[in-house]
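User: Hi! I'm new to this one and would like a friendly tour. Could you put it up on the screen?

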Amino acid sequence: MERNILIDLATDLAKGSVANYSVEEANEKLREALNKLTGTDGKFDPKKFRRNKHEVFEILEEVVDVRVEEGIKNQFDRFVDYRSVAFGDKLQFRPETDELFEVAKIAGGTNNLRRQRIHQYETYQIDTEWNGVKIYEELERFLSGRVDWVKLIDKIERSFQIEITNDIFTAIKAAYNGLTSPYKVSGSFDPDDFNELVEHIRAQTGMTPMVIGTRLAVQKAVPPYISDDMKEDRNKDGYFKMVDGITFGIIPQAHKIGTDEFAIDNNFLLVLPNGNEKIVKFVMEGEALIKEVLGQHNADDTQEYTVRKKYGVGVERAAHYGVYILA
């Protein structure tokens with residue numbers, strides 16, 4: 001199986017959109033392809049793996065990169081601006097301004113106007129840092145070929161996605177703690193307070209806002225007038241998709257790794273202009289790197305690998321958005 005086809009197959013598996021195979025068939029073909037990269041006919045050979053492991057690692061690095069990137073984009077596309085740069089490169093962001101020119105009355109035949117210039121925000125960059133996991137397997141399992149690379153990729157991908165999810169919402173929480181009235185409302189959901197917040201966002205940006213939150217958060221937004229059709233739709237969807245003309249959407253929830261604690265707060269609604277305000281900047285620097293620690297170097301004969309990615313998260317400094325913190 002060609003390298004690009006292999007990566008495409010792994011990506012389709014991550015999306016759940018495998019065209020020509022069932023998920024199980026696609027997983028099996030991915031397993032076969034990874035084993036064949038060791039120079040075998042599909043049966044694991046530890047000696048040939050040792051000779052060809054760098055090619056396997058390069059494929060796995062690309063697969064991890066693509067799948068983590070796709071997962072983040074699919075989950076947070078509404079409000080995260082995802083960028084990928086080479087190692088050592090630094091992106092400069094310049095916040096957009098909503099400032100307008102002041103229009104003055106003038107006498108006919110004169111040009112007696114005070115000249116104006118739109119304020120330009122200073123550029124800034126997102127600092128990146130290394131994040132990684134170290135995994136290990138018993139040497140016997142590794143040598144016998146019982147390490148399931150597909151499941152390993154799945155777990156690595158999901159682990160990074162959950163950690164990135166946590167980083168994104170930590171950044172958002174730090175940013176909205178600095179918001180003040182009228183862009184920050186606290187308390188139980190009240191239609192009047194909600195509509196006032198929405199109108200401030202609309203007035204500031206000229207765009208119709210959209211609201212997003214976890215399923216448990218958006219369920220707390222109840223419109224003042226509810227028809228029988230709305231009740232039926234609410235029962236099917238689990239929440240009101242529209243409240244007083246404003247569209248609501250769901251952010252998929254996750255658990256923090258190793259706990260039963262939710263990664264995303266269930267007590268806030270994010271109000272975004274047009275549902276397309278990329279208030280979060282996410283920068284992935286370089287590619288994933290996989291490093292092996294040879295089994296015989298460990299006293300317990302385990303096989304170790306480290307998987308590292310370098311990224312950074314920040315919130316647009318001049319972004320206009322609102323937050324409703326629910327009691």
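User: Thanks! To start with aspartate 193, is it buried, partly exposed or exposed?
Analyst: Aspartate 193 is partly exposed, because its relative accessible area is 35%. Buried means under 20% relative accessible area, exposed over 50%, and partly exposed in between, with a 1.4 Å probe and protein chains only. Before we go on, this is a predicted model: local features need pLDDT of at least 70, side-chain atom pairs count only at pLDDT 80 or more, and totals for chains, interfaces and linings use all residues. Residues are numbered from 1 along each chain as its sequence is written, and side-chain values use heavy atoms, leaving out hydrogens and water.

User: Where does aspartate 193 lie?
Analyst: You'll find aspartate 193 in helix H6, which covers residues 191–205. Helices (H or I, at least four residues) and strands (E, at least two) are DSSP runs, numbered from the N terminus.

User: How many helices and strands are in the protein chain?
Analyst: The protein chain has 8 helices and 10 strands.

User: And how much of the chain is buried?
Analyst: Of the 327 residues in the protein chain, 42% are buried.

User: Let's switch to salt bridges. How many does the structure hold?
Analyst: There are 13 salt bridges in the structure. A salt bridge here is a side-chain nitrogen of Lys or Arg within 4 Å of a carboxyl oxygen of Asp or Glu.

User: Which residue does lysine 278 pair with?
Analyst: Lysine 278 meets aspartate 77 in a salt bridge, at 3.5 Å from N to O. This pair links distant parts of the chain, 201 residues apart: lysine 278 is in the loop between strand E7 (268–273) and E8, and aspartate 77 is in the loop between helix H3 (46–76) and strand E1 (80–85).

User: What about glutamate 285?
Analyst: Glutamate 285 forms a salt bridge with lysine 90, and their closest N and O atoms are 3.4 Å apart. They also link distant parts of the chain, with glutamate 285 in strand E8 and lysine 90 in the loop between E1 and strand E2 (129–138), 195 residues apart.

User: Is glutamate 285 buried or exposed? And lysine 90?
Analyst: Glutamate 285 counts as buried because its relative accessible area is 2%. Lysine 90 is partly exposed, with 42%.

User: Which residues are linked in a network of salt bridges?
Analyst: That network links Asp81, Arg83, Lys281 and Glu316. Within it, aspartate 81 and arginine 83 have their closest N and O atoms 3.0 Å apart. Aspartate 81 is buried at 13% relative accessible area, whereas arginine 83 is partly exposed at 33%.
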